[in-house]
Amino acid sequence: MVVKDWTLKEKIGQMFIIAFGGEDVTPELEKAIAEWNVGGVILFQRNLRDINRVITLIRDIQTIAVNNNRPPLWISIDQEGGGIAYLWDSMVVSPGNMLIGATKSEKNAYDASFVMGQQLKKIGFNMNFAPDIDINNNPNNPVIGARSFGESPVEVSQLGKASIQGYHDAGVLAVGKHFPGHGDTEFDSHLSLPMVDKTLEQLESFELVPFMDNMNNNMEAIMTAHIVYPQLDSEFPATLSSYFLQTLLREKYEYDGLIITDSMEMDAIAKYFGREEGSVKAVQAGADIILACGRDVASQYSMVEAVERAVVNGVLPLSTVETAVHRILNKKKQWIDDENLTDSLNPTTIVEEQYHEVMNRIAAEGITLQINKSNVLPLDRTKTIKVIGQSSYNDISYMGDRKAIVDVVFAEERYEVTYISGENPTLIEIAEIVTTIQQGDVVVLLINERRELQRGWVKLVDQLSTMTENIIVVSLWNPQIIERLPKAVGTYITTFSYTDHTIHQLKKLLDGQLTFQGKSPVKLLEQGSFSYENSNS
C-alpha cells in the first residue's frame, strides 16, 4: 500500500502504539493492525508470562502486518532494568540505573543496555522505552527514584549517552525519558498531575542537561512528561504543550527524532484532560506517536477517532499528521529489519552465559555500603545469621510472579532465612520473628520498598533492637528509606534493585568475598529524621 493512498484514519493509526490484554493475538488487535493501520504495540506483564508465547505473539503480529500490506510494527516494552522490567524470568535483566550510577562507569551503562538490547532484539522487540535520563534531585520523588542514574546532571547525561548507544548497537531503538524532566516532583503522574515551578533557565542548567546533550548525540526518540511547568505553560503539561514540543524541541533544539507521549491512560492525562482530547492536544502540540496503554483496544480506537474528527473538523491540520507519519516511516526503515520479521526463534538462544557475567560484575561494583557503624562486616562465618526478607517482589505496578531467591542464595546452614508474606511485616509476623532472636544475634533485613518505609518494618526494627545491636538493613530499591529507619540501625546497604544478580553479589559482599565499591549517586536523607506522629503513612 502506498502512503498517499492511505485513508485519513490509516495515517492516524500509524501514529499510535497500543496495548491489549492476553498472550495471543485477539480479533480486536488483528483489526487494529489490518484495518486502522496501528503503528505499534507495547507489551506488558500480562502479555509476557511465557517466553515461547511471547515469541509467537510478536511473529504473529508482524505476519498480520505483512499479509495486509502494512508497515512493520513497533514492538515496544518498558524494560529499564532493576525493578522496572516487565520481561522478568526469561532474560538477563540489568541491575538498574541507580546501581549503574553507583559504579560511575559509562562502560557499565553501555554493557547493561547492550546485553538487554541483544536479548530484546532476538525476541522480536525493536523499541525500548529506556533509558530514564531524569535527574533524581528530589529524594521524595515517588515515581523516579532508582530508575534514575543519580542526581548529577553531568553523570546522568554521560551514562545516558552510553546506555542509548548500547541499545542502538544491539539494534533496538532507545527512547530517552521523560522530557523535560521528571526528577524534581513529589507526585506520581500515573496518579496525579505534578507541577514543577521552574524557569527555562533553571531547567536548561539542570533537568534539561541530559536531554540536550543526548539530542545532540545519538538519541533518536524521546518520551514526554505529563508535568505542568507553569512559568512556561500554565495550561498544559509538557506532553500537550506546543511550547515544549514545538518551540523548544523542534525549533530551539532542532530535534528531528521521534516525539512519543507517555501513556495517555495515566491519570495526569486521562483524569484531567481525557484520553481522547488529550490525544488531539498532543498531536497539535507536536507529538509523533501517541502511547495508549489500556487493556481495552476499543477505548484506544476512540482516541484514533478523536484525532480523525479533529482533522475533519479543521481543528488539526492534515499536514501535521502527514509530517508525523513521514518521520515514523523513516525511522521504521532505519530500525526494523523487514527480512527477519516472521522468522522463528529458539528460546534457548536468547540468553548467553556471558550476559550473566556482565550483570554480576556490574552489580558487584554498584552495591553501596552507606553506613557501617556496627562493625559486623564481613559476617562472621562461625555464627548463625538471621536473614529476613519478602517472599515476592510484587508491588502495585508489577503483580507478576517475582519470587525472591534469598533462600536459594543464602542456602548455607549458617543462614536462617525467614520470609514475610506481604510487602510489610504484620504484628503476628513481627512477634514470631522476635521470638527467634537471641541477644547479640546478627540480623540482615532485606527490604524491597519502592516508595516509603511503612510502620511494620520500623516496628520490627524497633523490636529487634531491644535484642541485638547487630542489625544490617539492606534496601533493595529506594535508598531513601533510611529517613524512616531508627538510629539503632548501624549498618545500611543499598543495592538499588532486587535482581537475581544483585542478590548473589550482595551475599558475596556480606561474606567478605568481595569488597564494597559503590559510591552513592544520590545524597541520603537523614537517618531517623521522619516521625510517624501526625502522619497518615
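## Strands, a helix and a cavity

Author: In this predicted model, strand β2 (residues 40-42) runs parallel to β3, and three bridges join them.

Reader: What makes β2 and β3 a pair?

Author: Pairing takes at least two bridges. β2 and β3 have three, in the parallel sense, so by that cut-off they pair. In this pairing, I42 stands opposite S76 in β3. To get from β2 to β3, the chain passes through helix α3 (residues 51-67), a right-handed β-α-β crossover.

Reader: Why do you say both faces of β3 are covered?

Author: In a regular strand the side chains alternate between the two faces of the sheet. In β3 (residues 74-77), W74 and S76 lie on one side, I75 and I77 on the other, and all are buried. Buried here means under 20% relative accessible area.

Reader: How do you know that the span of helix α13 agrees with what it should be?

Author: Its 18 residues (318-335) should span 26 Å at 1.5 Å a residue, and the end C-alpha atoms are 26 Å apart, so the two agree. Buried residues of α13 include V321, A324, I328 and W335.

Reader: What is lining the largest cavity?

Author: Nine nonpolar, six polar and one charged residues. The cavity holds about 110 Å³ of space. Of its 16 lining residues, N141, G145, A146, R450 and N478 are the closest to the centre.

Technical notes
Residues numbered from 1 in each chain as written. Predicted model: local features only at pLDDT ≥ 70, side-chain atom pairs only at ≥ 80, totals over all residues. Heavy atoms only, no water. Helix = DSSP H or I, 4+ residues; strand = E, 2+ residues; numbered from the N terminus. Expected span 1.5 Å × (residues − 1). Buried < 20%, exposed > 50% of the residue type's maximum accessible area, 1.4 Å probe, protein only. Right-handed = clockwise from strand over helix to strand, strands pointing away. 1 Å grid on protein atoms, 1.4 Å probe; cavity = no way out; pocket = protein on both sides within 12 Å on 5 of 7 lines; lining within 4 Å. Points joined across faces, edges and corners; volume = space filled by probe spheres on them. Nonpolar A, V, L, I, M, F, W, Y, C, P; charged D, E, K, R; others polar.
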